[in-house]
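The model is shown below.

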Amino acid sequence: MSGTTWSSSGAKDGTDPASSARRALQHHPLLRRSETGLFVLIVLITIVAACALSDFRTATNANEAFNNAAQIAVVAIGETVVILGRQIDLSVGATLGLSAFLVGSAVGHISGPLGPVLGVLMALGLGALLGLGNGLLVNRVRMPAIIATLATLSIYSGLQVIVTNGSQLYVSQVPAWLANLRADSWLGIGPFIWIAAICLVATSFLMRMTRFGRDIYALGSNPEAASYLGIRTGLRTFQAFAFCGALAGLGGLEYTSQYGNVDATAGSGFELTVIAAAVIGGVSLFGGSGTALSAVLGALLLTEIENVLALMRISIFAEQTLEGSAIVLAVAVYAVASRRLRRPLRREQLMAQFEVRLGQLVEPPVEVATATRSSDGPALGSSADG
Amino acid sequence: MRFQRTKRATIAALALSAGLGIALPAIGASTASAASKVTLFMLPKFTGIPPFTQADQGAATQSMQYGYTLKYGGPTTASATDQVNFINDAVAAGDKGIFISADNPAAVTPALQRAEAHGVKVVSFDSDVLPAGRTVYIQGTSAVSIAMTELNMLGSQIGYSGSFVILSAQATDTNQVQWNSLVKADLSLPKYKNMKLVTIVNPPDDSAASATKYMQSILQEYPTIKGVIAPTTVAVAAAAQVLQQQKLCSKYVLTGLGDPSQMKTYVTSGCVKQFALWNFSTEGTVAMCAMHAVLTGTVSGKTGQSFTCGSRGKFVVAAGGVVTAGPAEVFSKANLQDFTF
Amino acid sequence: MASARHLLGRWEVGLVAITIVIVVIAQLDGGGLISSYNLQTTSLNNVVLLCLAFGAAPVIMTGDIDISIVGTLSLVGAFTASLWAHDGVGIWVAAILGLLLATICGVVNGLLVVLLDLPSLAVTLGTMGAYTGVSFLILKGSAIIEFPSSLVTLGSSNVTGTPVPIGVVVLVALFAVLTYVVHGTQFGRSLFAIGGNRRAALFAGIAVNQVRITAFAISGLFAGLAAIFYLGDYDTAQAGIASDQLLPAITAVILGGVSAYGGTGTIPGVAIAGVLLALLQAALGLHGFSGEGQTIAVGILLVFAVGGGSLIRSGTFRRLWPVKASRSSSANAVIDAASTGGG
């Protein structure tokens with residue numbers, strides 16, 4: 001475990017929440033291992049598939065696959081940031097769809113070089129705004145993230161139908177720069193891939209080098225400790241959801257470019273794909289574990305699995321079964337592997353949390369009981385960590 | 001103590017609701033009695049896509065001739081359960097007739113039968129239900145002409161020789177099943193004997209994302225085909241987008257049933273030379289005329305019955321209670337600008 | 001019954017109040033909601049939803065979640081229909097086998113989540129795809145329709161001579177059984193204890209693993225029951241049916257007062273919430289709100305109900321509505337469990 005930029009030297013053997021949280025942060029380099037493993041897996045599959053399936057080797061296929069993966073990756077990176085903070089965002093699909101229609105329509109009225117710039121800004125802005133709605137519900141109204149984003153999913157997808165007003169955005173209304181974005185080539189590589197790469201680099205920097213990133217990891221690893229450490233949990237929650245929403249908005253622009261015609265059903269169901277990508281990439285739904293790279297690799301692997309299955313002429317009906325099983329397999333492998341690596345830390349963390357919880361159990365004033373509750377594991381599915 | 005208070009509150013609430021439950025129907029009945037106007041309800045597969053909006057407009061315009069009020073509504077995504085909710089609501093609201101384009105033909109039929117038993121008339125359009133659930137079905141244009149038109153559009157561009165794939169919709173979509181089987185049957189005709197249908201691909205839903213995915217797969221799995229027929233507006237637009245992005249427009253011929261507004265870009269760029277459709281607005285108008293005929297007893301779904309529809313003339317009910325609204329329209333660069341739908 | 005008071009708690013009363021308000025407004029604004037036809041058809045059309053919600057509730061009470069219920073529904077529907085149509089098995093025998101399969105699906109979820117200690121959201125996301133996928137493998141996109149009249153009668157007809165659908169009667173019976181199991185048995189108390197604090201429950205001597213797996217089994221079983229209802233009510237089996245009912249079912253559970261973190265909630269609450277949602281949908285539909293209006297209304301309702309509840313519990317409104325600080329229900333449950341289980 002080398003090269004942590006934020007290590008606190010002299011971590012004591014104490015079992016106080018602050019130390020255990022800090023130690024959780026120190027173990028993040030562990031994740032590099034899981035990403036390496038994932039990368040190796042992807043390369044292996046690529047090699048085997050390229051040898052066995054002639055259709056896999058074509059430039060067209062690679063181009064399609066990378067572009068599809070890039071679209072998922074952008075939104076998955078945003079979702080990952082939220083998941084790292086032990087929240088979840090189910091409304092990304094609807095945010096994407098709203099952005100695809102609204103921003104896609106708006107840029108049609110802007111001519112000249114200002115178009116792309118304003119387009120991207122509007123997409124990010126609209127997405128961030130919608131994400132802030134989630135942040136508001138989770139932070140101020142104190143709803144569990146899964147319920148809050150379930151509610152916003154309903155509201156935003158209803159808004160999609162209202163704004164499209166019985167019609168849709170036609171590909172002929174989309175300005176040329178956006179319509180051609182998907183098929184273009186910047187230095188030989190498609191714009192979507194460039195955009196995904198930029199998002200990856202920017203988000204990795206954000207998560208590793210800034211206070212925001214450190215705080216999110218702390219928040220996800222151990223929320224009580226995080227507030228004891230003086231982390232502004234409320235602000236970070238808002239920022240995480242806004243960030244996720246912004247990237248979903250950007251994904252909306254890409255959607256318009258990819259499909260041309262945008263109607264009220266745009267983005268429907270996409271949130272599950274994105275979460276699946278994050279999960280396959282090794283991002284833990286318990287929070288505190290994973291990186292933007294995990295999301296990208298997960299998107300790549302997910303797309304590759306789909307691609308290979310399609311080319312193997314496996315009945316399209318079997319694809320869904322195999323993809324679902326792949327998700328379960330991935331989750332199991334990561335959990336078992338990371339557990340084995342983290343065992344010593346875990347025991348101390350567990351003891352610390354148990355003592356805190358036991359103390360509150362005997363005498364719970366209303367506020368503290370809630371504080372425990374709101375940080376008691378991810379919205380659903382808490383286990384040994386919670 | 002708290003329990004007592006809560007218990008008392010609950011009993012009070014229950015008593016109140018019981019009382020209301022008795023009193024309210026009486027109140028409700030009196031306030032609703034003023035509805036002597038005939039109201040009808042149009043239920044598309046899902047709201048938010050232009051073809052259904054156009055059908056609604058066509059029907060609404062015609063309804064003014066008869067003095068009916070037409071309401072329009074539906075689920076936001078394809079859902080049989082939600083459609084049944086709307087069917088139930090329409091009946092409960094006292095609507096005399098329901099127009100429906102079904103998400104799942106069999107699943108909504110029991111609810112429609114209940115509606116019919118309650119005295120509500122049902123006319124289906126676009127996507128038929130099981131015959132037991134409706135009086136007549138209005139199809140945009142005849143299935144025979146659709147199949148023939150599709151084959152002609154494709155054939156004329158590939159010299160009537162070569163293999164092709166059909167990129168369809170859900171496997172239970174009654175229209176698709178019918179058109180595709182007619183295409184298969186037509187292939188035995190001498191004109192098309194050198195054309196071969198390799199396979200019919202059925203995505204699990206009608207979304208652009210699925211159609212795109214399956215079009216990409218088709219191009220990879222069957223690289224030697226000459227063309228693709230996509231008989232749904234969603235699929236043909238998505239397929240055109242794929243061809244355009246992969247710069248394969250000159251290699252494959254794409255045709256099918258498309259919406260002119262959606263397809264304009266592809267026709268202009270030359271990616272798709274021809275496609276066909278029919279007028280959804282006309283379909284809505286004829287459906288309204290049919291409903292009027294059913295409501296007044298002129299038509300009960302038997303073969304040979306007929307009704308008139310204003311300036312559009314006389315319509316005859318064919319076998320199975322099917323009425324054809326009009327001819328198919330073939331679109332190409334030459335005539336595209338004449339159509340604004 | 002140690003938890004009897006929780007059956008009639010503030011939350012449930014609040015839900016009933018909202019329901020009454022909706023009904024009154026709808027009726028005064030021009031009838032139709034409380035008509036015999038409407039009540040019959042609305043209740044029938046929500047049987048599948050409520051069945052899914054009832055099954056999902058115990059799992060959420062323990063702090064997990066099961067989103068694979070619609071996958072199980074699809075699979076059991078396809079399996080049962082296929083056995084009957086393609087293999088000539090009697091429909092009721094096929095249904096029993098289907099329910100067995102449903103329980104197995106639930107147990108598989110339980111084993112994966114509990115024994116391997118995996119996050120239930122991720123696991124059930126995967127199994128949802130897997131189960132739906134298998135149903136596609138069975139039926140391959142085609143549909144089986146026109147089931148035997150005995151099944152169709154169960155699913156869609158009324159009890160002879162009354163306006164009450166048989167399906168509703170069966171559902172009420174299931175509701176009664178489940179209410180007893182969750183609120184009147186040791187097992188039920190364990191559900192709440194585990195949801196409140198899993199480690200404490202473990203230390204209190206509760207067989208946490210068994211209880212959690214059983215909760216998943218219940219979820220699977222009820223999804224299977226929902227499938228049988230579906231076949232009878234809609235008279236069709238197809239892969240992917242009712243996939244749109246997942247979010248409404250979860251909404252009903254959460255609206256019913258079951259905390260997303262586990263440890264609180266009641267089955268009657270879920271039932272009332274289901275009725276509320278059904279009536280709300282019907283009322284909005286009758287007044288011309290199309291699908292998007294209804295979707296948004298449900299989202300807003302969720303915000304106000306859950307958000308409002310959270311704010312109340314966190315004491316934000318304490319000055320307006322004094323809450324006496326007392327042991328939380330989960331603490332009660334744990335201590336009860338400890339004294340009965342450990343002693």
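## Helix H14 of chain C

H14(C) is mostly covered, with 18 of its 20 residues buried; buried means under 20% relative accessible area, exposed over 50%, and partly exposed in between (1.4 Å probe, protein chains only). Helices (H or I, at least four residues) and strands (E, at least two) are DSSP runs, numbered from the N terminus. The structure is a predicted model, in which local features need pLDDT of at least 70 and side-chain atom pairs count only at pLDDT 80 or more, while totals for chains, interfaces and linings use all residues. Residues are numbered from 1 along each chain as its sequence is written, chains are lettered from A and ligands numbered from 1 in the order in which they are written, and side-chain values use heavy atoms, with hydrogens and water left out.

The helix covers residues 267–286 of chain C, and its end C-alpha atoms are 29 Å apart, which agrees with the 28 Å that 20 residues should span at 1.5 Å a residue. The expected span is 1.5 Å times one less than the number of residues. At the start of H14(C), the backbone nitrogen of C:Gly269 has a side-chain oxygen of C:Thr266 within 2.8 Å. After H14(C) comes C:Gly288, with a positive phi near 85 degrees.

## Interface of chains B and C

In chain B, 41 residues are in contact with 47 residues of chain C, where contact means heavy atoms within 4.5 Å. About 3400 Å² is buried between the two chains, and carbon and sulfur atoms give 61% of that area. Buried area is the accessible area (1.4 Å probe) that two parts lose on being put together, summed over both.

The rule finds 1 salt bridge across this interface, defined as a side-chain nitrogen of Lys or Arg within 4 Å of a carboxyl oxygen of Asp or Glu. B:Arg114 and C:Asp233 form a salt bridge, with their closest N and O atoms 3.3 Å apart. On the side of chain B that touches chain C, helices H1 (2–32), H3 (80–92) and H4 (105–117) of chain B each supply at least two residues. H1(B) gives the most, with 12 residues.

## Chains A and C

Chain A has 15 helices and 0 strands, and 60% of its 386 residues count as buried. Chain C has 16 helices and 2 strands, and 64% of its 343 residues count as buried.

Among contacts with a separation of 6 or more, residues 24 or more positions apart account for 79% in chain A and 78% in chain C.

How values were computed:
Polar contact = N/O pair within 3.5 Å; in protein donor to acceptor, adjacent residues only side chain to side chain.
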